Amino acid sequence: MKELLLNIMEQSGSLSVEEIVLHIAVSALLSLAIFLSYRYTHSGTAYSRKFNVSLVTLTILTATVMTVIGNNIALSLGMVGALSIVRFRTAIKDSRDTTYIFWAIIVGICCGVGDYLVAGVGSGVVFLVLLLLGRVRNENRILLIIRAGRSNETPIESLVFQHFNKKALLKVKNTTPDAVELIFEMPRSAYSLNYKRDESITDKLYRLPGVEYVNIVTQSDEISG
């Protein structure tokens with residue numbers, strides 16, 4: 001029994017140079033699909049060239065590691081132990097970046113074990129899905145921040161609701177004995193109504209007495225690091 005376990009632990013695949021080169025070459029080729037997909041779907045401000053290049057190298061490195069491990073259980077356990085002590089703290093600024101990381105790792109694993117068909121078909125399907133849906137973005141929200149005297153609290157709320165046809169939602173109300181700060185949230189489509197009016201919301205608000213400032217801020221869903 002002991003000898004059987006030792007044989008299993010020491011079992012190792014004997015790959016030729018051509019097979020090793022093929023594993024790495026196919027992983028590099030499929031990583032270009034990941035590169036092009038990320039570049040196209042992240043053509044806006046979220047695009048990071050360094051991260052995109054990292055996806056290519058991650059695919060190749062994963063394929064290399066899988067080629068080295070092969071069917072050697074001892075090496076597999078050692079690799080798991082080595083990777084378990086590595087902690088990655090890189091902030092993900094876009095939730096789609098996680099998808100690309102998993103895509104690169106999975107392609108690398110498939111190529112490392114020589115399953116090119118699964119890697120190719122899976123990459124093709126993911127590429128088409130991201131091509132069709134990858135450019136979908138959440139609509140940015142508009143925050144309208146107003147600070148004024150407490151006596152104008154009700155007139156300001158009434159004015160904002162009427163100006164935006166009740167599409168502005170009061171999110172925050174900060175008060176002191178003499179002043180009040182109101183934060184309204186609305187979609188960009190609702191804020192576009194501001195340009196269709198004869199008078200802007202800022203002009204209307206500043207005509208009220210006691211208004212100290214009016215700030216308009218665009219809020220996105222990007223995760224900051």
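This is a predicted model: local features need pLDDT of at least 70, side-chain atom pairs count only at pLDDT 80 or more; totals for chains, interfaces and linings use all residues.
Colleague: Thanks! Which side chain meets Glu212 in a salt bridge?

Modeller: Side chains of opposite charge can pair when their charged atoms come close. The cut-off for a salt bridge is 4 Å from nitrogen to carboxyl oxygen, and here the N to O distance is 3.1 Å. The partner of Glu212 in this salt bridge is Arg147.

Colleague: How many residues apart are Glu212 and Arg147?

Modeller: Glu212 belongs to strand β4 (residues 211-219), and Arg147 to strand β1 (residues 141-149). The pair therefore links distant parts of the chain, with a separation of 65 residues.

Colleague: And Glu153, is that one buried or exposed?

Modeller: The limit for buried is under 20% relative accessible area. Glu153 comes out at 16%, so this residue counts as buried.

Colleague: Which strand holds the Lys173 that pairs with Glu153?

Modeller: The side chains of Glu153 and Lys173 meet in a salt bridge at 2.7 Å, N to O. Glu153 sits in helix α7 (residues 153-163), 20 residues from Lys173, which lies in strand β2.

Colleague: Which residues do salt bridges with shared partners join into one network?

Modeller: Glu153 meets Lys173, and Glu153 also meets Arg150 at 3.6 Å, N to O. Through shared partners, the network joins Arg150, Glu153, Glu157 and Lys173.

Definitions and conventions
Residues are numbered from 1 along each chain as its sequence is written. Side-chain values use heavy atoms; hydrogens and water are left out. Helices (H or I, at least four residues) and strands (E, at least two) are DSSP runs, numbered from the N terminus. Buried means under 20% relative accessible area, exposed over 50%, partly exposed in between (1.4 Å probe, protein chains only).
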